[in-house]
Amino acid sequence: MTVSASIGGPFDTVVRGGEIVVSSGSYPADIGIRDGRIAAIAAPEAGLRAPEVIDAAGRFVLPGFIDPHFHFKCHSHHLDTLPVALESAALGGITTALAMLIPNVDTPLRPLELIEEFQAFGEREAVIDFGFHVHLPEIPGALEQIEAAVAAGHPSFKLFLAYKSIGRMASDAHLLATMEAIAAAGGTLLVHAEDGELIDRRIAQQIARGRIAPRDFLFAHPAEAEYLAVEKALDLARLTGCPLVILHISTARAVERIQQAKAEGQAVWVETCPQYLELSDDLLRRFGPLAKVSPPLRAQADAEALWRDLIAGRIDFVGSDHSPHSAESKRGGYGNIFDCWYGAPGVQTMLPVMHDAAHKRGQPLSALARWHAEQPARAYGLYPRKGVIQVGSDADLVIWDAEKEVTIRAEDQHGQSGYTLYEGRGVRGWPVMTLVRGQVVLDDGRLRVERGSGSFIPR
């Protein structure tokens, strides 16, 4: 990108000559930035002036992208530390990320303990802005900290309805009590919606039958497991008045059930992920346990149905569910697919993959602004500070080259997993510069800031 000097003016920086993209469309305009915020949006002929001018001619200028769902090493089995995961996000064009505070089950920390540790860590080490979703373990005192966590700017919490065999699945009593406490405190509950009883029974059946190859994994996570858990979460959330986010949805039938709840006035948001839109279960043959994610990759017909739901607005936003593990740590899954962790990396590739796929389906860039900026910002209490280009909002901007072609390679990924499920895929469209609160973070594929430049954003 071209950054040049201009005769002084009332702004610190001007982004000149680009086509601004918001969820409703696009238009040519220049942006004046002052004190980290958008101070003016003006027609090109207005001649905004500043000591620093960023030439965005021929490029699109989008609101800063948000990854509302990723994992990192949080007293957990994940590989990437928080600063590494946030750097990977930044290299993929993301300007704000919401991370999951979920330690392993043998390290059951209460919300305020996790927040204190990792908020301070992030303030020291983050390169982009960040926030957290906090897991609520079934231990004494955890639910009593919800109100304080919300007051401190952490209003979103997570529970699992699966993984009973490893002690992760929330009991019905804990789920109900959690929803009541979150509703009273003005928070939101995020759920991993798969039925743990059904899944664990099917895993045991597969192991007993000796069906432990990668493709045998699919039997243990049927579509019905997602639907059953979604229905339970919706019913209890309606009973308690608890706002809900259904994470990483993978089936159209579950989306239809959520739409019914929305039509009845229930407060519920729906997330899906690039892997459920752009990958299929055939990848288990190519990548084996590296492609073991939960919910599982499903048939190509399921992916196409999800695309229809996303384009129609029945799915609200997209998150990466970045879950970094090394290829080595997954190696046991070649002998027994049930003997390795779930999850795959994806935060750095999310936006290029989504732009390329959306473009091929005739979707404008405004769709990306909706799915990856405005909608997650609204769902998680960041709007209008984040997620939109308007006067008064943070000057979080992504300058996008819609024609740049790149081939995704594992060797180009910043994270430590050493592989990508998009290996060899060519994409058109790439972030060439990002700004976070007016500061250039990414420029032509390189990070231009030091760790510690990012900030915790209370919601």
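Me: Let's start in a loop. Where does P295 lie?
Reply: P295 lies in the loop between helix 10 (283-287) and helix 11 (300-312). Keep in mind that this is a predicted model.

Me: Which residue is joined to P295 by a cis peptide bond?
Reply: That is S294. The omega of the bond between S294 and P295 is about 0°. Most peptide bonds are trans.

Me: What about P384, what kind of peptide bond joins Y383 to it?
Reply: A cis bond, with omega about 5°. P384 sits in the loop between helix 13 (365-379) and strand 17.

Me: Zooming out. How many helices and strands does the protein have?
Reply: The protein has 13 helices and 20 strands.

Me: And how far does the C-alpha trace span?
Reply: About 75 × 45 × 40 Å along the principal axes.

Me: What does the radius of gyration say?
Reply: The protein has a radius of gyration of 22 Å. A compact globule with 459 residues would be near 23 Å, so the value agrees.

Me: How much of the protein counts as buried?
Reply: Of the 459 residues, 60% count as buried.

Me: What share of the contacts comes from residues 24 or more positions apart?
Reply: They account for 76%, taking contacts with a separation of 6 or more.

Me: Now the sheet. What is the order of the eight strands?
Reply: The order is 9-10-11-12-13-14-15-16. The sheet is open and the pairing is parallel. Strands of a sheet pair through backbone hydrogen bonds.

Me: Which are the edge strands?
Reply: Strand 9 and strand 16 (317-318). Each pairs on one side only.

Me: Pick a pair inside it. How many bridges are there between strand 10 and strand 11?
Reply: Six, in the parallel sense. Strand 10 covers residues 94-101 and strand 11 covers residues 129-135. In this pair, A99 stands opposite F132 in strand 11.

Me: Which strands does helix 2 touch?
Reply: Helix 2 (residues 111-125) packs on the sheet and touches strand 10 and strand 11. Its direction makes about 160° with that of strand 11.

Me: And helix 1, which strands does it lie across?
Reply: Helix 1 (residues 82-91) lies across strand 9, strand 10 and strand 11. It runs at about 145° to strand 10.

Me: Switching to rings. How many aromatic pairs does a search of the whole structure find?
Reply: Eleven. One of them is F65 with W400. Their ring centres are 5.9 Å apart and their planes are at 90°, so the pair is edge-to-face.

Me: What kind of aromatic pair do F160 and Y163 form?
Reply: A tilted one. The centres are 5.7 Å apart, with 50° between the planes. F160 counts as buried at 7% relative accessibility. Y163 is buried as well, with a relative accessible area of 14%.

Me: Which charged end sits over the ring of Y342?
Reply: That of K292, 4.4 Å from the ring centre. Elsewhere, the charged end of R202 sits over the ring of F219, 3.8 Å from its centre.

Me: Back to Y163. What is its phi?
Reply: Near 70°, a positive value in a residue other than glycine. Most residues other than glycine have a negative phi. Y163 is in the loop between strand 12 (156-160) and helix 4 (172-185).

Me: Last one, R437. What is its phi, and where is it found?
Reply: Phi of R437 is near 50°, also positive. R437 is found in the loop between strand 18 (426-436) and strand 19 (439-443). It is partly exposed, with a relative accessible area of 23%.

Notes
Residues numbered from 1 in each chain as written. Predicted model: local features only at pLDDT ≥ 70, side-chain atom pairs only at ≥ 80, totals over all residues. Heavy atoms only, no water. Phe/Tyr/Trp six-rings, centres within 6.5 Å; stacked < 30°, edge-to-face > 60°. Buried < 20%, exposed > 50% of the residue type's maximum accessible area, 1.4 Å probe, protein only. Lys NZ or Arg CZ within 6 Å of the ring centre and 35° of its normal. Pairing = 2+ DSSP bridges. Helix = DSSP H or I, 4+ residues; strand = E, 2+ residues; numbered from the N terminus. Contact = heavy atoms within 4.5 Å. Axes fitted to C-alpha atoms, helices over the stretch in contact; angles between N-to-C directions. Rg over C-alpha atoms; globule rule 2.2 N^0.38 Å.
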